[in-house]
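Q: I'm new to this one and would like to learn how to read it. Could you start me off with a single residue and its neighbours?

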Amino acid sequence: YSACKSMTLHLLNFSSCPCPSIQTLNATTLPPPINPPSLGLSCFTMTLGGLSNLSALGILAKSYVRFRHRAKAPFLLLVGALLLTNLAGNLIPGAFALHLHLGRSRRPAGMFCQLFGASLVFFGLCPLLLGSAMAVERCMGITQPLLHSALITVAHMRLAVLLLSSLALLLAGLPLVDVGSYTAQFPGTWCFLTVHEPLSTADASLALTFSGLGLTALSLSLICNTLSGLALLQARLSSQGIRTNTTAPPGRYGRTSSSSSPLRSLDVEMMAQLTVITMVSCVCWSPFLFCRSGRGSSHTVRQSERLVLLGLRMATWNQILDPWVYILLRRAVLRRVFRVLQPDSRSTLTQSSSCSTASRRQGIGLH
């Protein structure tokens, strides 16, 4: 009886102690969750990207009608393929994200996760490959114009777009046939190739292939743009040297320079657009392509997951900024900006032309 009494007192004392509850333990041990993007922000980015790419496609259609039989047609075809890919890359993954916001399930799984991850891989890799194809096309057009006119045609560019799209589609479709896998990524609002969990050989190979293709495309674009820029600068300096050294009458050689200046201005316009597109792609995609899975403590893993999520959010802005680069860096827009920044230049040109005309008339009257 005394043993039972002492055991009862011990249990009463244990039950009266202030022990933490299960909810308190979860609240203290679990890290604070990251709030996913709100529904309004997702709708805003999706709408902005769609309208931007549609506007750029409308402007591109007018330019393609004008230059479809000239050397600019292959470049415009690649730009059109890039804008169409960006448009689909805004709408299709955005529709998956909206389904997660509006649906009951908060974490993607099953076939939904597989399709979501495949769309992100395809629409992420395809613009990078198309951007490198644009850089190669312009590099050949500027440095090797004869070879460009013989090899680079609209039909060849269509074949190149088909091959690059097939390569991106092949990589995106491998996890759908059990070569690698797509898993839900932190904070459970998107799916991608497995990068954080213990990786199998197929998962590691797919992740490295995606990063390798993306970085190779960016590196090739940078190299080709550098070569094209140096070629344009050399042509500019050589033309200025010829103008300063020649003593021929302006009536004979002025026509030749004026006829070549539109082609040169087209090259400068396309190179400016391509250079800025490459810079935007490097800034937006480099953090995501260099992300690696964190190992060690839970704090290190969670910090790595946050960095990957930040890289994804930066990469999504590439599809929004690309059409604005094409819209703003056109000759018509740049001329208007130049007139606004230097309003006295036009009046100075008109005064100089009128003075030269008056001097010519005076010289004729003296003769």
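A: Contact means heavy atoms within 4.5 Å. Leaving out residues up to four places away in sequence, N90 touches T45, M46, G49, G50, N53, Q319 and I320. This is a predicted model, where local features need pLDDT of at least 70 and side-chain atom pairs count only at pLDDT 80 or more, while totals for chains, interfaces and linings use all residues. Residues are numbered from 1 along each chain as its sequence is written, and side-chain values use heavy atoms, with hydrogens and water left out.

Q: Where is N90 found, and is N90 buried or exposed?
A: Helices (H or I, at least four residues) and strands (E, at least two) are DSSP runs, numbered from the N terminus. N90 sits in helix 4, residues 73-102. For cover, buried means under 20% relative accessible area, exposed over 50%, and partly exposed in between, using a 1.4 Å probe and protein chains only. N90 has 8% relative accessibility, so it counts as buried.

Q: At which residues does UniProt place the feature "transmembrane region"?
A: UniProt positions use the numbering here, feature names are shortened, and annotations may be inferred rather than shown by experiment. The unreviewed UniProt entry places this feature at residues 39-61, 73-96, 116-136, 157-177 and 206-233. In the model, residues 39-61 are 100% helix and 0% strand, with the end C-alpha atoms 33 Å apart. Residues 73-96 are also 100% helix and 0% strand, with their end C-alpha atoms 35 Å apart.

Q: What does Y64 touch?
A: Y64 is in helix 3, residues 39-67, and is partly exposed at 25% relative accessibility. Not counting residues up to four places away in sequence, Y64 touches A73, L76, V154 and R158. Between Y64 and P74, 10 residues apart in sequence, the C-alpha distance is 9.6 Å.

Q: Which residues of the largest nonpolar core touch the most other members?
A: A nonpolar core is a set of buried Ala, Val, Leu, Ile, Met, Phe, Trp, Tyr and Cys residues joined through side-chain atoms within 4.5 Å. The largest one here has 67 residues, and V121, M134, W190, F192, F210, W285 and F288 touch the most other members. Helix 5 (residues 110-143) supplies the largest share of this core, 16 residues. Take F288: not counting residues up to four places away in sequence, it touches W190, F192, F210, V308, G311 and L312.

Q: What about the outside: which residues form a nonpolar patch on the surface?
A: Patches are made of residues with over 30% relative accessible area and no salt bridge; like charges are joined within 9 Å, nonpolar side chains (Val, Leu, Ile, Met, Phe, Trp, Tyr) within 5 Å. Areas come from the Shrake-Rupley method with a 1.4 Å probe, and for residues only the protein chains shown count as cover. M111, L115, L176, V177 and V179 form such a patch, with about 440 Å² of accessible area together. L115, in helix 5, is partly exposed at 39%.

Q: How many salt bridges does the structure hold?
A: Side chains of opposite charge can pair when their charged atoms come close. A salt bridge is a side-chain nitrogen of Lys or Arg within 4 Å of a carboxyl oxygen of Asp or Glu. The structure holds 5. One of them pairs E269 with K72 at 3.6 Å, N to O. This pair links distant parts of the chain, 197 residues apart: E269 in helix 9 (residues 250-289) and K72 in the loop between helix 3 and helix 4. E269 is buried at 10%, and K72 is buried at 6%.

Q: Which residue forms a salt bridge with R302?
A: R302 pairs with E305, the closest N and O atoms being 3.0 Å apart. Both lie in helix 10 (residues 298-316), 3 residues apart, about one turn of the helix. Elsewhere, salt bridges that share partners join K72, E269 and R331 into one network.

Q: What is the phi of D178?
A: Most residues other than glycine have a negative phi, and most peptide bonds are trans. D178 has a positive phi of about 65°, although it is not a glycine. D178 is exposed, with 71% relative accessible area. As for peptide bonds, a cis one joins F186 and P187, with omega about 0°.
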